[in-house]
Amino acid sequence: MVNRTQVLVLGFLLFAWTSLLVILAAAPAIYDQALRLPTGDCRAAEIGFLVALSSFIALLAIGVVRRWRWTFWLVLVAFLFGVLRVPVAILQLTEVLAANGPTWYVAFQGLLGVLQFAIGLAMVAGYRRAGVWGAF
C-alpha cells in the first residue's frame, strides 16, 4: 500500500516521463540542443536518451513503491534543489540569462521546480512525522 507522499512522488515521475515523451515527439530540437547533438537525423541518440531516462525513472518508481531509503534521500535532495529552477527560469524569461530553449520550455522548467520543491517539503513533513517514506 502506498501513502500520500509516495503517490505525490510517483505522480510527479509519471508527469515528468509523459512530458519527456511529448517534448521528444513535438519539439525534439530542444533535447537535440541540450544533448549537443549534430544537426540531421539524431533518432538513435534520442531513442537512447529516452531509454536511459525511462530506465532511471522506472528504477526510482520501484524504489518509491518498495520504500528504499536511498531512493527517499535521493528524491528528497533533488526535489528540494528543484527550487533553483525558479530563479533561473525567471532570469531567462527576463533575458538576464540566455534561454536554453523556447519561452514555453523555460516557463515549464520553472513550473517543474515549484512542483518539485512543494513535493520535497511534503516529504520533509512526512519524514518528521513518521520517518522515511512517512505520510505528511
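Gln116 is buried, with a relative accessible area of 7%; buried denotes a relative accessible area under 20%, exposed one over 50%, and partly exposed anything in between, for a 1.4 Å probe and protein chains only. The model is predicted, so local features need pLDDT of at least 70 and side-chain atom pairs count only at pLDDT 80 or more, while totals for chains, interfaces and linings use all residues. Residues are numbered from 1 along each chain as its sequence is written, and side-chain values use heavy atoms, with hydrogens and water left out.

The protein chain contains six helices and zero strands, where helices (H or I, at least four residues) and strands (E, at least two) are DSSP runs numbered from the N terminus. The pattern along the sequence is α-α-α-α-α-α. The C-alpha trace spans about 50 × 35 × 20 Å along its principal axes. Of the 136 residues, 33% count as buried. Contact is defined as heavy atoms within 4.5 Å; among contacts between residues at least 6 apart in sequence, 69% join residues at least 24 apart.

Gln116 is located in helix H6. Apart from neighbours within four places in sequence, Gln116 contacts Phe12, Ala78, Phe79, Gly82 and Arg85. Gly131 follows H6 and has a positive phi, near 90 degrees.

The same estimate was applied to helix H4 (residues 69–81): its 13 residues should span 18 Å, and its end C-alpha atoms are 19 Å apart, which agrees. Thr71, Phe72, Val75, Leu76 and Phe79 of H4 are buried. Viewed down the axis of H4, these buried residues fall within an arc of 125 degrees and therefore line one face of the helix; the arc is that of the directions from the helix axis to the C-beta atoms. Arg69 and Phe81, on the other side of H4, are exposed. The cover over the buried residues of H4 includes helix H1 (4–26), helix H3 (43–65) and helix H6 (103–130).

Two packed helices are described by the angle between their axes and the distance between the axes. Axes are lines fitted to C-alpha atoms, for helices over the stretch in contact, and angles run from 0 to 180 degrees between N-to-C directions. H4 and H6 pack at about 135 degrees, with their axes 7 Å apart. H4 is therefore oblique to H6, given that angles under 35 degrees count as roughly parallel, over 145 as roughly antiparallel, 65 to 115 as roughly perpendicular and the rest as oblique. Residues of H4 that meet H6 include Phe72, Trp73 and Val75, and their counterparts in H6 include Gln116, Phe117 and Ile119.

H1 and H6 pack at about 165 degrees, with their axes 9 Å apart, and are therefore roughly antiparallel to each other.

Ala89 lies in helix H5 (residues 85–93) and, at 5% relative accessibility, counts as buried. Not counting residues up to four places away in sequence, Ala89 touches Val106 and Gly110. Ala89 and Arg69 are 20 residues apart in sequence and 31 Å apart in space, C-alpha to C-alpha.

Key:
Expected span 1.5 Å × (residues − 1).
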